[in-house]
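Here's a quick tour for anyone meeting this structure for the first time. Have a look at it below, then read on.

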Amino acid sequence: MIGFLRWMQRIALGTINGIAMVAFFVVLVIFALFAVGLIEGDGLPSQMVLSLDLRKQPADSSHAPNLLFSRRTPTVMDTVLALDRAGRDSRVKGVFIQVGGGLPVAKAEEIGAALIRFRATGRFVVAYAQGFLDAGLGDYLAAASADQIWMQPKSPFSAAGTGAGAIFLRGLFDKIQAVPQIVKRSDYKSAADMYMEKDYTGPDREQTTAFLQSWYDSAVKEIAAERKVDAKKVIAFLQADPQFAEDAKRAHLIDDLGYDDQAKRAARGRADHAKLVAMSDYAHSTEDEGDVGNGPHVALIEASGEIVDGSADHGALGGSEVIAGDDFAEAFRKARHDSSIKAILFRIDSPGGSVTASDQILEAVKEAQAAGKPVIVSMGPLAASGGYYVSSSANRIVAEPATLTGSIGVLTGKVSFGKSLSLIGVGVGDIGVGNNALFDSAVEPFTPQQLASLNAQADEVYLTFKQNVAQGRKLTLPQVEAVAKGRVWTGADAKPRGLVDDLGTFWTAVGAVKTAIGVSPDVRLVFKEYPEKEGFFEVFAELLSGTSAGMRTVEGLSTLMRNPAVSAVVNAVDAAPRGQVELQATNLPGG
């Protein structure tokens with residue numbers, strides 16, 4: 001027995017020593033990298049042209065952690081802030097962008113405005129496309145912000161307009177005897193229609209046509225202004241698409257024909273053959289510059305994704321982006337208690353979600369305002385339903401012309417699949433103690449009494465939503481009701497209705513912050529980010545928790561989920577309400 005215990009002791013000590021050696025190695029690597037960083041500065045060349053690839057869809061913002069040895073794709077906000085730093089960096093001579101991946105109009109407006117602002121510092125922007133392959137206008141709108149546009153010869157110019165599509169599951173549910181019971185407030189709350197309808201309803205068709213037209217008008221106006229081409233000529237060209245690059249050149253919508261290496265050489269040639277540096281590398285290497293300076297300190301809270309209850313668990317590899325009520329309420333509270341913070345700039349990109357989490361965040365916003373911290377909202381591509389709810393009391397709201405916002409309404413209900421499973425021989429049953437213990441059951445439909453209770457809840461939450469908007473936007477309840485009913489508006493259409501204050505981008509909101517705290521427009525603000533991002537050590541333990549069995553399961557499922565039809569139906573069913581009242585504006589196009 002003594003020998004066995006000694007053997008176990010050696011095993012334990014060996015394991016502990018092994019763990020200690022790994023930890024020591026990681027710490028050693030970090031210190032080595034830190035020492036090299038002190039010697040080499042940020043490691044960037046003395047002359048450079050930044051390269052920005054917009055062919056992959058960038059998220060609006062992110063608050064997930066960065067791992068030590070990897071770097072996420074730069075978000076829209078990463079790019080906007082990096083371009084601001086680049087405009088003050090004498091080493092940066094210009095920017096080379098590549099487009100062609102179907103960029104939404106709202107994201108194109110934000111990035112395009114940042115590029116134009118960068119050009120105003122005396123730098124250049126060169127855009128290149130192997131073809132404008134998507135029928136949407138976002139790719140070309142972003143390219144129009146450049147002072148020189150290249151296209152590959154004989155490549156298609158297919159930008160034509162704005163469009164949207166929706167999936168409707170009612171026919172499928174009827175065939176499999178599923179019972180959808182979705183309550184909405186009110187006519188325009190289209191997130192419920194995918195479960196209850198077989199096609200667009202009249203109100204949904206009306207609002208969708210309206211925001212598509214608004215996108216089209218905004219994009220054409222901005223393209224005409226940047227390219228110095230009459231808007232009627234721009235429309236005539238778009239109406240004739242698809243065409244070729246040569247046609248676009250004759251119409252003065254592009255400047256040069258050539259291949260990607262030729263366009264890159266031309267860009268570098270304008271900067272005495274400076275080195276190309278990826279925007280992601282530049283953003284990462286210079287991101288700490290926003291934490292230093294002598295100007296007023298402003299909290300920057302970037303919220304992206306669905307609004308959910310509790311706290312977010314980003315996972316070892318970052319996880320999905322959500323706006324967790326606990327995390328973001330705490331972010332506002334920390335900013336409120338920080339005496340150095342003069343105001344809060346709240347960037348929001350969300351279709352909404354949980355009523356309770358939305359209300360939790362809104363209350364934290366109001367508490368910050370009551371403490372004397374002005375809150376300015378900068379809306380990204382989407383700030384609807386719960387995304388609008390959390391913004392409603394802000395001192396000032398800035399939206400892009402193409403932002404989708406409003407959707408002042410609620411939905412609730414569920415889809416029950418008890419009969420569906422019986423069709424394939426699966427027997428299911430629920431047992432509950434308590435009158436409504438099985439209220440959220442996915443097996444049995446609501447009883448008439450339960451449905452009446454659900455409608456009463458929807459009415460109460462809808463009224464509260466309208467009251468908050470009326471109070472925050474200084475409107476009467478009848479005025480709010482006229483623009484509510486679950487209707488989605490673009491920023492351009494929301495402004496004359498009092499739902500937003502200004503049309504513009506992030507830097508427009510920054511200007512509103514300066515006005516709110518009484519500093520001149522030329523003062524540089526110092527941003528402090530909330531919630532604070534987790535670092536490498538916070539996620540290292542989670543990284544080690546994955547199992548090979550779990551990875552194999554994920555790989556197998558991902559093969560099936562890559563089928564478009566399967567993923568569309570599964571995602572739609574997964575997004576169905578589960579008996580709780582929600583502030584959701586799902587099923588909206590990206591632009």
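Glutamate 481 sits in helix H17 (residues 477-483) and lysine 466 in helix H16, so the pair ties together parts that are 15 residues apart in sequence. Glutamate 481 is partly exposed, at 26% relative accessibility. Lysine 466 counts as buried because its relative accessibility is 13%, and the cut-off for buried is under 20%.

Take lysine 198 and aspartate 174, whose side chains meet at 3.7 Å, N to O. This pair links distant parts of the chain, 24 residues apart: lysine 198 is in the loop between helix H6 (193-196) and helix H7 (202-227), while aspartate 174 belongs to helix H5 (residues 170-175). Lysine 198 is exposed, with a relative accessible area of 59%, and aspartate 174 is partly exposed at 39%.

Then there's arginine 227 with aspartate 255, a salt bridge of 3.1 Å, N to O. Here the partners are 28 residues apart, with arginine 227 in helix H7 and aspartate 255 in the loop between helix H9 (245-250) and strand E8 (256-257). Arginine 227 is buried, with a relative accessible area of 13%, whereas aspartate 255 counts as partly exposed at 28%. Salt bridges can also join up into a network, as they do for Asp60, Glu110, Arg347 and Glu400.

## A helix on the inside

One member of that network, Glu110, is also among the buried residues of helix H3. Helix H3 covers residues 105-119, which makes 15 residues. From its first C-alpha to its last, H3 reaches 20 Å, close to the 21 Å expected at 1.5 Å a residue.

How many of the 15 residues of H3 are buried? Eleven are, so H3 is largely enclosed by the rest of the structure.

Serine 61 is in the loop between strand E1 (48-53) and helix H2 (76-86). It is buried, with a relative accessible area of 0%. Leaving aside residues up to four places away in sequence, serine 61 touches Thr75, Met77, Glu302, Ala303 and Ser304.

Serine 385 has a phi near 55°, a positive value in a residue other than glycine. You'll find serine 385 in the loop between strand E15 (375-384) and helix H14 (386-389), and it counts as buried at 0% relative accessibility. Serine 407 also has a positive phi, of about 55°, although it is not a glycine. Serine 407 lies in the loop between strands E17 (404-406) and E18 (410-416) and is buried, with a relative accessible area of 2%.

## Cis peptide bonds

A cis peptide bond joins arginine 185 and serine 186, with omega at about 10°. Serine 186 is in the loop between strand E6 (179-185) and H6. Another cis bond joins tyrosine 530 and proline 531, where omega is about -15°. Proline 531 is in the loop between strand E21 (526-530) and helix H20 (536-543).

## Out on the surface

Leu421, Leu423, Ile424, Val426 and Val428 make a nonpolar surface patch of about 420 Å². Valine 426 lies in the loop between helix H15 (418-423) and helix H16 (448-473), and at 36% relative accessibility it counts as partly exposed. Overall, the protein exposes about 27,100 Å², with carbon and sulfur atoms supplying 56% of that.

The protein has 22 helices and 22 strands. Of its 591 residues, 48% count as buried. Among contacts with a separation of 6 or more, 78% are between residues 24 or more positions apart.

The average pLDDT is 87, and 81% of the residues score at least 70. Over residues 32-40, pLDDT stays under 50, and the model has zero contacts there beyond four places in sequence. Residues 536-562 also stay under 50, but for them the model has 20 such contacts. Where pLDDT is low, the predicted coordinates should not be read in detail.

Definitions and conventions
Residues are numbered from 1 along each chain as its sequence is written. This is a predicted model: local features need pLDDT of at least 70, side-chain atom pairs count only at pLDDT 80 or more; totals for chains, interfaces and linings use all residues. Side-chain values use heavy atoms; hydrogens and water are left out. Patches are made of residues with over 30% relative accessible area and no salt bridge: like charges are joined within 9 Å, nonpolar side chains (Val, Leu, Ile, Met, Phe, Trp, Tyr) within 5 Å. Accessible areas come from the Shrake-Rupley method with a 1.4 Å probe; for residues, only the protein chains shown count as cover. A salt bridge is a side-chain nitrogen of Lys or Arg within 4 Å of a carboxyl oxygen of Asp or Glu. Helices (H or I, at least four residues) and strands (E, at least two) are DSSP runs, numbered from the N terminus. Buried means under 20% relative accessible area, exposed over 50%, partly exposed in between (1.4 Å probe, protein chains only). Contact means heavy atoms within 4.5 Å. The expected span of a helix is 1.5 Å times one less than its number of residues. pLDDT is the predictor's confidence in each residue, from 0 to 100.
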